Amino acid sequence: METGTSVSNNNQSIRNDSYEAIKNGSWFNQFRNGCNPWMARYVYGLIFLIANLLAWAARDYGRGALRKVTRFKNCKGGENCLGTDGVLRVSLGCFLFYFVMFLSTLGTSKTHSSRDRWHSGWWFVKLIMWPALTIIPFLLPSSIIHLYGEIAHFGAGVFLLIQLISVISFIQWLNECYQSQKDAERCRVYVMLLSTTSYTVCIVGVILMYIWYAPDSSCLLNIFFITWTLFLIQLMTSIALHPKVNAGYLTPALMGLYVVFICWCAIRSEPVGESCNRKAAASNRTDWLTIISFVVALLAMVIATFSTGIDSQCFQFKKDENDQEEEAEDDVPYGYGFFHFVFATGAMYFAMLLIGWNTHHPMKKWTIDVGWTSTWVRVVNEWLAVCVYSKS
């Protein structure tokens with residue numbers, strides 16, 4: 001019995017050493033050893049990107065093909081509804097794939113288990129399952145698709161909340177690293193430089209938004225959005241510098257960058273016809289700049305989903321350091337269930353971006369996240385970010 005136990009422990013040690021070699025090796029080594037969680041996350045990210053491209057193609061170029069599908073005859077709203085339905089159907093297929101993966105990998109804690117192998121391998125099965133789950137929604141009646149579209153609003157909101165917590169967690173982690181006792185003196189100059197740069201970019205961003213999106217006093221809504229953003233930056237700075245908090249300048253400066261970016265995205269989402277949105281009016285025609293902006297926005301969404309998915313640490317309760325050391329050898333490198341859950345909600349999120357958060361809102365080619373609904377979603381997300389930061 002002792003010999004069998006010893007052999008089992010030796011095999012486990014060899015497998016752990018093999019995983020460490022893959023993890024610490026080059027990208028080529030990770031891809032060459034196909035059945036491992038580090039390569040798997042990139043494959044799932046690639047599948048998600050392809051789903052995004054399919055949804056965009058269904059919206060902008062799939063209307064002629066979708067007219068031939070008899071199931072679409074009950075679609076209300078004419079051609080524009082066909083484009084919206086196409087996005088929602090691709091999104092539903094993507095959601096189903098990642099939700100099945102979420103259910104089947106939830107609770108996986110150790111490497112070399114059956115669920116670990118399912119997450120990291122079995123690609124032939126998944127390459128059949130994913131297209132099948134993508135095709136099934138195209139056979140469903142429009143009423144079910146519209147119901148999914150309503151549910152997707154809440155799923156996309158959950159994704160934004162998860163992403164928000166992840167960003168704030170990263171900012172706080174960065175601040176803690178700089179304030180650690182051994183690095184405090186050495187990093188003080190870097191902290192001041194990064195904080196000053198961040199505040200400078202915030203101020204420049206606010207000024208540019210006033211110039212671009214509030215050209216005269218009649219643009220009251222844009223003036224309110226921009227001015228309120230400036231007030232929120234001041235509020236976060238005051239909270240961070242309060243004696244009971246004493247968080248320093250770095251976290252409010254980086255959060256200031258984040259809320260200025262969200263405010264800019266919100267105002268850019270305003271419809272093109274608005275007189276206060278000069279930048280949108282200037283890009284009304286489809287040119288290379290519009291196409292590049294669309295591609296960058298699409299890639300940014302995929303990268304944000306990927307980075308949030310592997311950041312399950314910020315949603316876990318803190319453990320004792322001794323327990324962490326004992327479990328470190330054969331623990332999974334990231335939460336598989338959480339990873340797939342983020343991608344499932346991300347599938348709902350990209351659908352909302354491509355239809356402007358409104359199932360009855362027509363979207364022009366090469367546009368993303370445009371419409372008053374999109375604007376207010378961004379604004380509320382900005383305010384929620386400040387609230388979460390203040391409570392953390």
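In this predicted model, helix 10 and helix 11 run roughly antiparallel to each other, because the angle between them, about 165°, lies in the range over 145 degrees that counts as roughly antiparallel. The axes of helix 10, which spans residues 220-241, and helix 11 are 9 Å apart, and helix 10 passes helix 11 in a right-handed crossing. On the side of helix 10, the residues that meet helix 11 are Asn222, Phe225, Ile226, Thr229, Ile233, Met236, Thr237 and Ala240, and their counterparts in helix 11 are Thr251, Pro252, Met255, Gly256, Val259, Val260, Cys263 and Ile267. Of the residues in this contact, eleven are nonpolar and five polar, with no charged residue taking part.

Helix 11, formed by residues 250-268, also packs with helix 16, formed by residues 372-391, the two axes coming within 8 Å and crossing at roughly 165°. Helix 11 and helix 16 are therefore roughly antiparallel as well, and their crossing is left-handed. Helix 11 contributes Thr251, Pro252, Met255, Tyr258, Val259, Ile262, Cys263, Cys265 and Ala266 to this contact, while helix 16 contributes Thr375, Arg378, Val379, Asn381, Glu382, Ala385, Val386 and Tyr389. The residues of the contact between helix 11 and helix 16 comprise twelve nonpolar, three polar and two charged.

Several residues of helix 11, including Thr251, Pro252, Met255, Val259 and Cys263, take part both in the contact with helix 10 and in the contact with helix 16.

Definitions and conventions. Residues are numbered from 1 along each chain as its sequence is written. This is a predicted model: local features need pLDDT of at least 70, side-chain atom pairs count only at pLDDT 80 or more; totals for chains, interfaces and linings use all residues. Side-chain values use heavy atoms; hydrogens and water are left out. Axes are lines fitted to C-alpha atoms, for helices over the stretch in contact, and angles run from 0 to 180 degrees between N-to-C directions. Helices (H or I, at least four residues) and strands (E, at least two) are DSSP runs, numbered from the N terminus. Angles under 35 degrees count as roughly parallel, over 145 as roughly antiparallel, 65 to 115 as roughly perpendicular and the rest as oblique. A crossing is left-handed if the near helix is turned anticlockwise from the far one by less than a right angle, and right-handed if clockwise. Contact means heavy atoms within 4.5 Å. Ala, Val, Leu, Ile, Met, Phe, Trp, Tyr, Cys and Pro count as nonpolar, Asp, Glu, Lys and Arg as charged, and the others, Gly among them, as polar.
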